[in-house]
Amino acid sequence: MHHLRDRGPRRQLRGGSGRRGLLGVGTLVAAIAGVLGWRMRGGADPRGDGPVTEPALLAALAAWTPARAATPAGQVLAYLWAAPNTLAGLAVAATCRGSLRRVDGALAVCGARGPLGRMLARRGFSATTLGHVIIARGEPSPALLAHELCHTRQAERLGVAFGPVYLALLTVYGYRRHPMERAARTAAQRASDPGSESGSSARSAAG
Ligand SMILES: [Zn+2]
């Protein structure tokens, strides 16, 4: 349930499932906070030099661009943990025509056609990612792949909580200020400009 918008403000792709009461999702977010805490690199930036004022946890989430698991065992666990999201992605990908490619442990469907491709185009998105499946309308740039792979890594950590957490934050912050989208934009920015490690405060950029 994530995607890179290439134009058009505050549009978002909404999944049908995974909608729960905000209260329940909020509780879930709080519950995973402890799990996330030790994984987050960079942490919150209390100086607040980003454009958004928000709780430290969310600022940390916006700075969270996890790397691929370093060990084979870790990668197996990551695939298993994200498997529900990936299966959903495969089901969606089956409706798309496009060329398949392996990208850093994920499957990319490039040049996706079909209903999803049309929907992405209508909403102004270049791509969407479910677990280890990236679906792109065109030929994805390195920056776009970095953006989408960041969502894959998020899903590897959050597992089935990814969808509810993503949707809850989307409801509160919208697409532009969504902490997980800001993290993905940071990843994309790093890919397009490897020299800049400016990191944590994901300003606009490629979005
Ligand atoms: Zn995204």
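**View 1. The loop around aspartate 104.** Aspartate 104 sits in the loop between β2 (99–103) and β3. Its phi is near 50°, a positive value in a residue other than glycine. The structure shown here and in the following views is a predicted model. Is aspartate 104 buried or partly exposed? Aspartate 104 counts as partly exposed, because 13 C-beta neighbours lie inside 10 Å.

**View 2. The whole chain, for orientation.** The chain holds seven helices and five strands. Read from the N terminus, the order of elements is β-α-α-α-β-β-α-β-β-α-α-α. Of its 207 residues, 40% count as buried. Among contacts between residues at least 6 apart in sequence, 67% join residues at least 24 apart.

**View 3. Confidence along the chain.** The average pLDDT of the chain is 79, and 68% of the residues score at least 70. Over residues 6–48 the pLDDT is below 50, although this stretch has 58 contacts in the model beyond near neighbours in sequence. Residues 198–207 also stay under 50, with 25 contacts beyond four places in sequence. Where pLDDT is low, the predicted coordinates should not be read in detail.

**View 4. The kinked helix α3.** Helix α3 covers residues 72–93. A straight helix of 22 residues would span 32 Å at 1.5 Å a residue, but the end C-alpha atoms of α3 are only 26 Å apart. Where in α3 is there a kink? A kink of about 65° lies at alanine 83, shortly before proline 84. The buried residues of α3 are Ala78, Trp81, Ala82, Asn85, Thr86, Gly89 and Ala93. The elements that cover them include β3 (106–110), β4 (125–130), β5 (133–136), α5 (142–158) and α6 (162–173).

View 5. Leucine 130 lies in strand β4. This residue is buried, because 26 other C-beta atoms lie within 10 Å, and a count of 20 or more is enough. Which residues does leucine 130 contact, leaving aside its neighbours within four places in sequence? They are Asn85, Thr86, Ala88, Gly89 and Val92. Leucine 130 and threonine 86 are 44 residues apart along the chain, yet their C-alpha atoms are separated by 5.6 Å.

**View 6. Strand β5 and its partners.** β5 pairs with β3 in the parallel sense over three bridges, and with β4 in the antiparallel sense over four bridges. β4 and β5 form a hairpin with two residues between them. Glycine 131, in the turn, has a positive phi of about 60°. Isoleucine 135 of β5 is the bridge partner of valine 109 and also of threonine 128. Val133 and Ile135 point one way from β5, Ile134 and Ala136 point the other way, and all are buried. Leaving aside neighbours within four places in sequence, the contacts of isoleucine 135 are Val92, Ala93, Cys96, Val109, Ala112, Leu116, Ala127 and Thr128.

**View 7. The largest nonpolar core.** In soluble globular proteins, nonpolar side chains tend to be buried together. The largest nonpolar core here has 43 residues. Those with the most contacts inside it are Leu61, Val109, Ile134, Ile135, Ala136, Val165 and Ala183. At least two core residues come from each of α2 (56–62), α3, β3, β4, β5, α5, α6 and α7 (179–192). Which element gives the most to this core? That element is α5, with seven residues.

**View 8. Helix α6 and the residue after it.** The end C-alpha atoms of α6 are 16 Å apart, which agrees with the 16 Å that its 12 residues should span at 1.5 Å a residue. The buried residues of α6 are Phe162, Gly163, Pro164, Val165, Tyr166, Leu167, Ala168 and Leu169. Glycine 174 follows α6 and has a positive phi, near 75°.

**View 9. The enclosed helix α7.** At 1.5 Å a residue, the 14 residues of α7 should span 20 Å, and its end C-alpha atoms are 20 Å apart, in agreement. Because 11 of its 14 residues are buried, α7 is largely enclosed by the rest of the structure. The buried residues include Pro179, Met180, Glu181, Arg182 and Ala183. Among the elements that cover the buried residues of α7 are α2, α5 and α6.

Notes
Residues are numbered from 1 along each chain as its sequence is written. This is a predicted model: local features need pLDDT of at least 70, side-chain atom pairs count only at pLDDT 80 or more; totals for chains, interfaces and linings use all residues. The expected span of a helix is 1.5 Å times one less than its number of residues. The bend at a residue is the angle between axes fitted to the seven residues ending there and the seven starting there. A residue is buried if 20 or more other C-beta atoms lie within 10 Å of its own, exposed if 12 or fewer, and partly exposed in between; C-beta atoms are placed from the backbone. Two residues are in contact if their C-beta atoms, placed from the backbone, lie within 7 Å. A nonpolar core is a set of buried Ala, Val, Leu, Ile, Met, Phe, Trp, Tyr and Cys residues joined through C-beta atoms within 7 Å. pLDDT is the predictor's confidence in each residue, from 0 to 100. Two strands pair if DSSP finds at least two bridges between them.
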